[in-house]
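User: I'm new to reading protein models and would like a close look at one part of this one. Could you walk me through how its helices pack together?

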Amino acid sequence: KITALLVFFHEYAHGIIDQLVPRINHPLFTQYGFARTAYDMVNEGFATTLELMLADKMIAAGNELRLGDRDIRDLKKWKRQRLLNLKHHKSHYTTGTFYFWHRLYRREGEIGMLRLMKKLDARHLESIPYHFESSHRKNSEIGANLLRRYGALPAAPDGEDQAAPRLLFSP
């Protein structure tokens, strides 16, 4: 039941993005699958970040939600596995989660995430290609550059923006 709820919430988060930042062009299908853009990175990162935040909130409010010890253990195990998967299988999910939404969440909290959501421009996001074959470092720069463009991340000294964030979503 816990996993089903988290998967549902992940998909629900896609609906939020689709309503607030509707895609202009649908992705092109290539011989390698769908051509990915920064829009996909932002979309999957948002859904994954909200999924992880929900897990944190459920763990913290376990008694109020009447979750049993097994439910709490399952949530913690699921979260650990999700974070390990993101860390070891780097993709647009990883970049969007760690280098865009999580970075913003750590700086400005949930209010900052909502504020930025209202500024996002689908046409601009769709114009930035996301290449799986590029280095993870190069793709992570996409997240930092987008945050700077939307005024959510000030310029930082060289190398600081690419540092891996802590793998924690709890305050």
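Analyst: Helices H3 and H4 cross in a left-handed way. Keep in mind that this is a predicted model. H3 covers residues 69-88, and the axes of H3 and H4 come within 8 Å, crossing at roughly 110°. Angles from 65 to 115 degrees count as roughly perpendicular, and H3 and H4 are therefore roughly perpendicular to each other. On the H3 side, the contact is made by Arg82, Leu83, Leu86 and Lys87, and on the H4 side by Tyr93, Thr94, Thr97 and Phe98. Sorted by class, that gives four nonpolar, two polar and two charged residues.

Now for H4 (residues 92-119) and its other partner, H2. The axes of H2 and H4 come within 8 Å and cross at roughly 70°, so these two helices are roughly perpendicular as well. The crossing of H2 and H4 is right-handed. The contact of H2 with H4 has twelve nonpolar, eight polar and four charged residues.

What about H2 itself? This helix runs over residues 38-60, and at 1.5 Å a residue its 23 residues should span 33 Å; the end C-alpha atoms are 32 Å apart, which agrees. Is H2 mostly buried or exposed? Of its 23 residues, 20 are buried, so H2 is largely enclosed by the rest of the structure.

Notes
Residues are numbered from 1 along each chain as its sequence is written. This is a predicted model: local features need pLDDT of at least 70, side-chain atom pairs count only at pLDDT 80 or more; totals for chains, interfaces and linings use all residues. Side-chain values use heavy atoms; hydrogens and water are left out. Helices (H or I, at least four residues) and strands (E, at least two) are DSSP runs, numbered from the N terminus. The expected span of a helix is 1.5 Å times one less than its number of residues. Buried means under 20% relative accessible area, exposed over 50%, partly exposed in between (1.4 Å probe, protein chains only). Axes are lines fitted to C-alpha atoms, for helices over the stretch in contact, and angles run from 0 to 180 degrees between N-to-C directions. Angles under 35 degrees count as roughly parallel, over 145 as roughly antiparallel, 65 to 115 as roughly perpendicular and the rest as oblique. A crossing is left-handed if the near helix is turned anticlockwise from the far one by less than a right angle, and right-handed if clockwise. Ala, Val, Leu, Ile, Met, Phe, Trp, Tyr, Cys and Pro count as nonpolar, Asp, Glu, Lys and Arg as charged, and the others, Gly among them, as polar. Contact means heavy atoms within 4.5 Å.
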